[in-house]
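Biologist: Could you walk me through this structure and tell me where each description comes from?

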Amino acid sequence: MNFTQAEIAPLASIEEWEDDILVRYPEAEKPAKSKEEYRNYDDPKRETVKEFYRLNHTYQTYDFVKQKQAEFLKFDKKEMPIWDACNFLNTLVDDSDPDTDLDQLQHLLQTSEAIRADGHPDWFVLTGFLHDLGKVLCLFGEPQWAVVGDTFPVGCQHSDKIVYPEFFEANPDSKDERYNTKYGVYEPNCGLRNVDMSWGHDEYLYQIMKDYLPEPALYMIRYHSFYSQHREHAYDHLMDAHDHEMFEWVNKFNPYDLYSKVPTPPNVKELKPYYEELFAKYLPATLKF
Ligand SMILES: [Fe+2]
Ligand SMILES: [Fe+2]
């Protein structure tokens, strides 16, 4: 499928999606906005985020996901040492205000440093550092809505707990009998390992990391954008007992991703040796993208 530039990049910055999640899921104690308040949230960015979800929900079909898996899980695009991959990700520049937005590497480091400060195991820290590396998909020319955005299972009914569920009306799968029932192509409680998720940076990075990190780390990476489950519990009927156990880690990870942003950029130079050591402990010298 060929997309226009407006369809490839509806957002000025992929950060607009994450900023929007913060509005939807504000930090604990602060009262959550009601659905109505959320929708009327007065910000011009809201309209571009809405358009972003319209595109995401329209085009992320079962077939689209299968096609992206075939295209990207060959890992024949680029081979890089991890630090080079981070620097590559940082070449992702967008139209947003460079003075107020932290770059990609800074978000990774703030996430991982917040995890480290709380005394978690080193593989958890490493996971915080790596979790968004899959966003390099943007640099391979992929549309924003096929890199970021809330993820959801494809091949079965879309939950109305997914943000802007009305946009699924335009998704051909919702008219397709194979895919529009509660279980669709799946069996009850078949386990998420048997479920295809909408395509994006989570699944892509999971596939790159799956041989190297402990299982809780892999769950955090693979499902960190699956808000309709880890926040709304909309897909319990596809999960098995093991998924539920592992989602405790996904839940543990999420606040670090969402609420670790502080305006002071971390000192990359100072932190680099610690992370180089972590890479050496768990990962091969280069990764294939
Ligand atoms: Fe992410
Ligand atoms: Fe993130």
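Here is a conversation that sets each description against its definition.

Modeller: Happy to! This is a predicted model, in which local features need pLDDT of at least 70 and side-chain atom pairs count only at pLDDT 80 or more, while totals for chains, interfaces and linings use all residues. Residues are numbered from 1 along each chain as its sequence is written, and chains are lettered from A and ligands numbered from 1 in the order in which they are written.

Biologist: Let's begin with the whole chain. What makes the protein chain as compact as a globular protein of that length?

Modeller: First, its elements: the protein chain has 13 helices and two strands, where helices (H or I, at least four residues) and strands (E, at least two) are DSSP runs numbered from the N terminus. The radius of gyration is 18 Å, close to the 19 Å from the globule rule for 289 residues, so the chain is as compact as a globular protein of that length. That radius is taken over C-alpha atoms, and the rule is 2.2 Å times the number of residues to the power 0.38. Along the principal axes, the C-alpha atoms fill a box of roughly 55 × 40 × 40 Å.

Biologist: Why is Val136 called buried?

Modeller: A residue is buried if 20 or more other C-beta atoms lie within 10 Å of its own, exposed if 12 or fewer, and partly exposed in between, with C-beta atoms placed from the backbone. Val136 has 25 C-beta neighbours inside 10 Å, so it counts as buried. Val136 sits in the loop between H8 and H9. In the protein chain, buried residues make up 38% of the 289 residues.

Biologist: Which residues is Val136 in contact with, leaving aside its neighbours within four places in sequence?

Modeller: They are Ala85, Phe88, Leu89 and Phe289. Contact here means that the C-beta atoms of two residues, placed from the backbone, lie within 7 Å. Val136 and Phe88 are 48 residues apart in sequence, yet 7.5 Å apart in space, C-alpha to C-alpha.

Biologist: And why does Tyr164 count as partly exposed?

Modeller: Tyr164 has 15 C-beta neighbours inside 10 Å, and therefore counts as partly exposed. Tyr164 also lies in the loop between H8 and H9, and has a positive phi of about 50 degrees although it is not a glycine. Phe75, in the loop between helix H5 (62-72) and strand S1 (79-81), likewise has a positive phi of about 50 degrees without being a glycine. With 13 C-beta neighbours inside 10 Å, Phe75 counts as partly exposed.

Biologist: What makes H10 mostly covered?

Modeller: Eight of the nine residues of H10 are buried. Those buried residues pack against helix H8 (122-130), helix H9 (201-209), helix H11 (227-230) and helix H12 (241-259).

Biologist: Why are H2 and H4 called roughly perpendicular?

Modeller: Helix H2 (residues 15-24) and helix H4 (residues 45-59) pack at an angle of about 105 degrees, with their axes 10 Å apart. H2 and H4 are therefore roughly perpendicular. Glu16, Trp17 and Asp20 of H2 make the contact with Lys45, Thr48, Val49 and Phe52 of H4.

Biologist: What about H8 and H13, and how do their axes cross?

Modeller: The axes of H8 and helix H13 (residues 268-282) cross at roughly 110 degrees and come within 10 Å. H8 and H13 are therefore roughly perpendicular to each other too.

Notes:
Axes fitted to C-alpha atoms, helices over the stretch in contact; angles between N-to-C directions. Parallel < 35°, antiparallel > 145°, perpendicular 65-115°, else oblique.
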